[in-house]
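Here is my notebook page for today. I looked up a few things one by one and wrote down what I found.

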2 protein chains.
Amino acid sequence: MTASGRPSGPEVIWARPERAGRGPRPAHTRAEIAAAAVRVADAEGLDGVSMRRVAAETGCGTMSLYNYVPRKEDLYELMVDAVVAEYEFPDAPSGDWRADLKALCRQTRGIMHRHPWVPRLMSPAHGFSPNALRYFEYALWAMEGLDVDNGTKVELLAMLNGVITAYVSNELSTAERARTSPYSPEQEQAARTAYIMRVLAGGAYPRMAKTLTEGPGRFDPDEVFARAIDRVLDGFEAESRRGS
Amino acid sequence: MTASGRPSGPEVIWARPERAGRGPRPAHTRAEIAAAAVRVADAEGLDGVSMRRVAAETGCGTMSLYNYVPRKEDLYELMVDAVVAEYEFPDAPSGDWRADLKALCRQTRGIMHRHPWVPRLMSPAHGFSPNALRYFEYALWAMEGLDVDNGTKVELLAMLNGVITAYVSNELSTAERARTSPYSPEQEQAARTAYIMRVLAGGAYPRMAKTLTEGPGRFDPDEVFARAIDRVLDGFEAESRRGS
DNA sequence: CGTAGTTACGTACAGCGTACGTAGTGGAGT
DNA sequence: ACTCCACTACGTACGCTGTACGTAACTACG
């Protein structure tokens, strides 16, 4: 394979050397480009991330970007890796796997809040980027005190991240909608609740009406999130006790 | 507001009357258009769904589609509602909420397998389409025997659907990648495993290496899925027993 | 020291969502 | 019965996208 230009076969971008032996010294680095793309996505949303826009932000010609990033999908991979780098791991786990995993989950949510486009890019395809590997290694370390087999640990991590992604997506969807819509959030909200009220008034969905009207008052997002994570961990802890 | 043309305010498509009082009889229906879009997405992937393509499939001019569907996002909403219509609900729940919810989850997974683009469109924005309401109403009915408050029931449904979406996304990502990539699945797989092996051979990620090499043999997707759902249900059942 | 491989980047193409304008249709109000 | 105008249908056009391809400059290796 060649270090740039069209690849001769399917390639993971991380397998490409960043600098080829021959030719002029590249004017930019992957890290620079990733940072530029993240900047654009944070400021203008994921749809604002186009090759032209990122190239401009990086300070190079549009097509020069393709020397660093063969396909747009690879740019996404760089972006995810760049934000996964924001995790801060202690020198060693505390020994309390539950607390350590919960802290990890809080960090995941924090990253997604800082970079609302992350949930949309979540995919197993990005599971082997350098920083994802760092994350995975630490998570496995933190789980050493958890008495279940390796497969179950992997399943636990997958479920935690799945739940977090789903939860934060819901959390952010209103905000993201507001960013895109030409109307004010109040107008949007008003239109939706008006519609729902009209539907429920029809009486065709009595259980739903009851559930939505006599809903509980507790809506603190942090609490809902913590509760969700706790429930997932509960399930696996029970399994560990059963197994040992 | 007017029934077609640019809306005068933010609108849910379901609040628009399908047929206006005045003017010529529309040549197509929402159902027809949704079916056409679903056909295209099933055959060519979600990226194949363009307004032009769907219009052609429906048999009308590109811009005529905008009489039925003001924005592309609304087309997505029609598509999701169309596949949510595939749920088959019994006349009444069995009384065993666990079994009923599990059956519902299996149906969700089935729908996502038949329409691999569904996970990408999962969003709370689609939670109030007519068929989503039918789903929600039945699910609440099925949970009448579960002794937790309404808020918890909503959280359970959200978590189940989140976990299913994440799980099926993982399940499908390889297939979807194969559909898009110009290389054979074997080539893709070979490139990825070669890369991972090289990384793990470096010794920087010992726990990960151990986990991946001495992984368990049980990989039956149906089992992994059932186990995940069961664990979620376990957590909530425990909570119900604690509460009552 | 040539030369092959790399970097840089402009041009060009096919496709996208959709704003806008025009023509024709048919139900509601007089 | 007749008029009016909201509505349907649809062609054209604009600005945007990802990226294939060609060209020119540069540098490390044989």
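Before my first entry I noted a cut-off: a residue is called buried when its relative accessible area is under 20%, and exposed when that area is over 50%. I also noted that this is a predicted model.

**Entry: a serine**
I started with A:Ser240 and asked myself: is A:Ser240 buried or exposed? I found a relative accessibility of 11% for A:Ser240, so this serine counts as buried. Next I looked up where A:Ser240 sits, and found it in helix α11 of chain A, which covers residues 221–243. Then I checked the contacts of A:Ser240, leaving out neighbours within four places in sequence, and listed A:Leu146, A:Asp147 and A:Val148.

**Entry: cysteines**
I looked up Cys105 in both chains. A:Cys105 counts as buried because its relative accessibility is 4%. For B:Cys105 I read a relative accessible area of 4%, so I wrote down buried here too. How many disulfides does the structure hold over all chains? I found zero.

**Entry: two chains**
I reminded myself that two copies of a chain are related by a rotation about an axis and a shift along it. Here, chain B is superposed on chain A by a rotation of 180° with a shift of 0.0 Å along the axis, and the RMSD is 0.0 Å. I noted that this is the relation of a two-fold axis.

How values were computed. Residues numbered from 1 in each chain as written. Chains lettered and ligands numbered in written order. Predicted model: local features only at pLDDT ≥ 70, side-chain atom pairs only at ≥ 80, totals over all residues. Heavy atoms only, no water. Helix = DSSP H or I, 4+ residues; strand = E, 2+ residues; numbered from the N terminus. Buried < 20%, exposed > 50% of the residue type's maximum accessible area, 1.4 Å probe, protein only. Contact = heavy atoms within 4.5 Å. Disulfide = S-S within 2.5 Å. Least-squares fit on C-alpha atoms with pLDDT ≥ 70 in both.
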